[in-house]
Amino acid sequence: MGSVCIEIVEGNPHLRSLLGWHLQQLEYRVHQAASIYQAREVFLSHQPTLVILDADLQDGDGIEFCRWLHRQQQPLILMLSARNNEADIVAGLKAGADDYLSKPFGMQEFLARVEALIRRKRTPTAPAYLDYGTLQIDLVQRRVRFQGEFIDLTPQEFSLLYVLAQAGGIPLSRSELLRRAWPDAIDNPRTIDTHVLSLRKKVELDPRQPNLIQTIRNVGYRFNMEILNANVPQSQTKLAKERFTNPRSTLATQST
């Protein structure tokens, strides 16, 4: 658990210290703050996975600070409050809290809720479908539709295309592509060149002058996200997505 960082924002110094001690016994990295001002500084400096937030701080509105946290990197938020009526609980959850614990509470219940939230973070639900405008990738059935047409890809070509697209236009080296897209360790980075060439023949209008999968000199390859939405009517993209995700549609399947 040492890699998990937790921020405690609690106005009561005794409770803050007690919570921090118990969390440290479980090998969490803990940072503490007594006010909203300190809490912002701690959050921006350490980017915690979980923020334990007292809703009743003296120097500001804990609910509003919860909203601010939720707009950041969306950390997990466990809200603590002496207010336990339904309206207050609903307000905290709507502000972005993932859980709400009313004071006073037992330490074992507190630790159990923390561990449950951390488990949720460690096992996120993977997306089943990615939409990049004129490119749609079905991660469950491993199918690709580009500009309204299904593309017959080998399993390795599919993995390579997915990794390039998911990078969002950031150039990736051959070594990085091998690490992300290949199931087994391969010593020859030039393997990437062979598969990129094959992939370009299937997704480029002119493979000799590729626009979608670009070569970045002395680096590797990047996916040109800018052209995916260029000059494509929104209605056409919407129709393609509906057909792509409709299990009753007649679909071209790729061989595996």
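In strand S12, Tyr221 is the bridge partner of Thr215. This pair belongs to a set of 4 bridges that join S11 to strand S12 (residues 220-223), the two strands running antiparallel. Strands here, like helices, are DSSP runs numbered from the N terminus (helices are H or I with at least four residues, strands are E with at least two), and two strands are said to pair if DSSP finds at least two bridges between them. The model is predicted, so local features need pLDDT of at least 70 and side-chain atom pairs count only at pLDDT 80 or more, while totals for chains, interfaces and linings use all residues. Residues are numbered from 1 along each chain as its sequence is written, and side-chain values use heavy atoms, with hydrogens and water left out.

The protein contains 9 helices and 12 strands. Of its 256 residues, 43% are buried, where buried means under 20% relative accessible area, exposed means over 50%, and partly exposed lies in between (1.4 Å probe, protein chains only). Among the contacts in the protein with a separation of 6 or more, 57% are between residues 24 or more positions apart; contact means heavy atoms within 4.5 Å.

As a reminder, strands of a sheet pair through backbone hydrogen bonds, either parallel or antiparallel. A second open sheet is built from 4 strands in the order S6-S7-S8-S9, and here too the pairing is antiparallel. Strand S6 (129-131) and strand S9 (149-151) form its edges, each pairing on one side only. From one strand to the next, the twist averages 20°. Within this sheet, strand S8 (residues 143-146) is joined to S9 by 3 bridges, and the two strands run antiparallel. Phe146 stands opposite Glu149 in S9.

Helix H6 (residues 155-166) lies across S6, strand S7 (135-138) and S8, running at about 120° to S7.

Parallel pairing is found around strand S3. Strand S1 (residues 5-9) and S3 pair in the parallel sense over 4 bridges, with Ile6 opposite Leu50 in S3. S3 and strand S4 (residues 76-81) likewise pair in the parallel sense, over 5 bridges, and Leu76 in S4 is the bridge partner of Leu50. How many residues of strand S3 are buried? In strand S3 (residues 50-54), 5 of the 5 residues are buried, so the strand is largely enclosed by the rest of the structure. Both of its faces are covered, with Leu50, Ile52 and Asp54 buried on one side and Val51 and Leu53 buried on the other.

Next comes a pair of helices. H2 and helix H3 (residues 62-71) pack with their axes 12 Å apart and at an angle of about 15°. They are therefore roughly parallel to each other, given that angles under 35 degrees count as roughly parallel, over 145 as roughly antiparallel, 65 to 115 as roughly perpendicular and the rest as oblique. Ile36, Ala39, Arg40, Phe43 and Leu44 in H2 meet Gly62, Phe65, Trp68 and Leu69 in H3.

Ser35 sits in the loop between strand S2 (29-33) and helix H2 (36-46) and is buried, with a relative accessible area of 15%. Its side chain reaches the backbone nitrogen of Gln38 at 3.2 Å. Not counting residues up to four places away in sequence, Ser35 touches Val9 and Asp59. Gly92, in helix H4 (residues 86-94), is buried with a relative accessible area of 0%. Leaving aside neighbours within four places in sequence, Gly92 is in contact with Ile63, Cys66, Met79, Ala97 and Tyr100. Gly92 and Ile63 are 29 residues apart in sequence, yet their C-alpha atoms are 6.2 Å apart in space.

Definitions and conventions. Axes fitted to C-alpha atoms, helices over the stretch in contact; angles between N-to-C directions. Polar contact = N/O pair within 3.5 Å; in protein donor to acceptor, adjacent residues only side chain to side chain.
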